[in-house]
Amino acid sequence: MDVSFLESVFAAPGPYATVCADVTHTTENADTELDLRVRAVAEKLTQQGAPDEVVEAVRGRLLEGNDGGEAGTLKGRSVIVASNGSVVFDTALVDAPTREVAEWSPQPDVMPVLRQLPGRIPHIVVLTDRTGADISYLGAPGSVEEEKTVEGDTFQIRKFQGGGWAHHRYQHNAENKWIHNAEEVGQQISSMVRRLSPRFVLVAGDVRARQILTDRASDLWSDLIVSMDEGGRAAGADREPVDRREAELVAEHEARECAEVLEQIEAASAHGLSVTGTALVVDALRKNQVETLVLADEPDDEALLVGGSPLELGVNQDDMQALGVQEVHSVPGDRALLAAAAATRAGVVVVPRAALPGDIPVAAILRYTDASTASAQ
């Protein structure tokens with residue numbers, strides 16, 4: 001996962017309010033229920049010492065669902081607010097949070113957020129019919145979802161059901177228009193794939209339109225296609241089967257990514273290009289060596305020491321003295337590691353704790369090795 005979007009979060013002045021809240025807004029009493037849930041979140045932050053401007057910023061964002069806007073369609077929402085009251089992160093979650101968070105702390109608690117972010121696997125969803133398509137791209141976490149609508153030629157779009165001399169001409173014209181419209185859709189998808197590098201392209205909608213579209217897919221995305229029979233583009237069509245299949249594909253790709261990164265750790269270790277354990281990973285992060293940070297989904301309770309920047313990082317006071325850092329703070333280890341990963345543009349993969357070798361909390365795949373790295377292996 002690309003966590004560079006968190007760079008601006010960690011750059012904001014702390015402490016921070018981190019919130020993962022259930023903002024489901026689908027019942028008759030939804031306004032009242034949401035108001036009560038937000039009130040509970042605000043009270044928790046206030047009890048922890050969060051200033052009024054921070055609490056009000058959180059409250060304002062979470063209550064947007066009561067205005068009848070798009071936010072009212074969300075199930076889960078994460079908001080991070082800096083000490084000056086500025087909202088530095090605000091995004092929908094894939095569902096109501098499995099663990100609600102309302103914390104005022106020196107470092108933002110982003111691990112629960114990362115586990116439930118949409119767009120963890122960049123992908124495209126296409127709802128197509130014989131006149132065009134609605135195309136959605138869900139990118140890396142924190143990025144803006146891109147949506148395109150392609151409307152093709154609709155004149156004489158249906159095949160003529162009668163007989164007579166004009167029958168074959170009408171049939172031919174309709175088929176040509178379907179093909180032309182599908183080619184327009186395909187060109188738009190090719191453009192998005194070229195720019196955005198999705199991991200899969202899910203295609204749903206009219207059977208014939210899907211067939212024409214996928215038959216004409218360019219080499220850029222033909223291997224990325226997953227076609228499904230359910231779901232459609234027409235008004236009132238049930239989107240739930242498409243959403244369900246999309247979630248399944250994201251989960252499959254995440255599982256594959258976890259397996260691949262664990263294999264990479266083992267393979268890279270033979271060349272000194274992976275390290276395991278907190279001390280070695282901290283050292284690699286300080287030197288900007290980390291290509292991919294691998295965190296256990298259940299981290300240890302250990303704390304790390306940080307200075308004025310994410311890379312002023314150590315496991316003990318000796319580390320900080322060696323760095324010449326005078327002002328030192330103790331923060332939960334996973335938060336310090338994520339801040340350093342964001343600062344160095346390292347990727348992040350969260351895996352089950354049991355999958356990591358030796359029940360360790362953290363590992364890393366390195367961009368390069370040096371003499372000091374080799375001697376630490």
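**Entry 1: helix α6.** I looked up which residues of α6 (residues 207-215) are buried, and I found Ala209, Arg210, Ile212 and Leu213. They sit on the same side of α6, because they cover an arc of only 165° around the axis. I remind myself that an α-helix has 3.6 residues a turn, so residues three or four places apart point the same way. I then checked the face turned away from the buried side, and there I found the exposed residues Val207 and Asp215. I note that the model is predicted.

**Entry 2: the start of α6.** What caps the N-terminal end of α6? I found Asp206 there: one of its side-chain oxygens lies 3.1 Å from the backbone nitrogen of Arg208.

**Entry 3: a sheet.** I traced an open sheet of three strands, in the order β13-β12-β14, with antiparallel pairing. Its edge strands are β13 (313-314) and β14 (329-332), and each pairs on one side only. I followed β12 (residues 303-306) along β14 and found four bridges. Ala303 stands opposite Pro332 in β14. Helix α10 (residues 333-343) packs on this sheet and touches β12, β13 and β14. The direction of α10 makes about 95° with that of β14.

**Entry 4: the cores.** I looked up the largest nonpolar core, which has 43 residues. Val3, Leu6, Leu293 and Leu337 touch the most other members. Helix α10 gives the largest share of this core, seven residues. Another core, of 21 residues, lies apart from it; Val19, Leu45, Ala50 and Ala57 are among its members.

Technical notes. Residues numbered from 1 in each chain as written. Predicted model: local features only at pLDDT ≥ 70, side-chain atom pairs only at ≥ 80, totals over all residues. Heavy atoms only, no water. Pairing = 2+ DSSP bridges. Helix = DSSP H or I, 4+ residues; strand = E, 2+ residues; numbered from the N terminus. Contact = heavy atoms within 4.5 Å. Axes fitted to C-alpha atoms, helices over the stretch in contact; angles between N-to-C directions. Buried < 20%, exposed > 50% of the residue type's maximum accessible area, 1.4 Å probe, protein only. Arc of directions from axis to C-beta. Polar contact = N/O pair within 3.5 Å; in protein donor to acceptor, adjacent residues only side chain to side chain. Core = buried A, V, L, I, M, F, W, Y, C linked by side-chain atoms within 4.5 Å.
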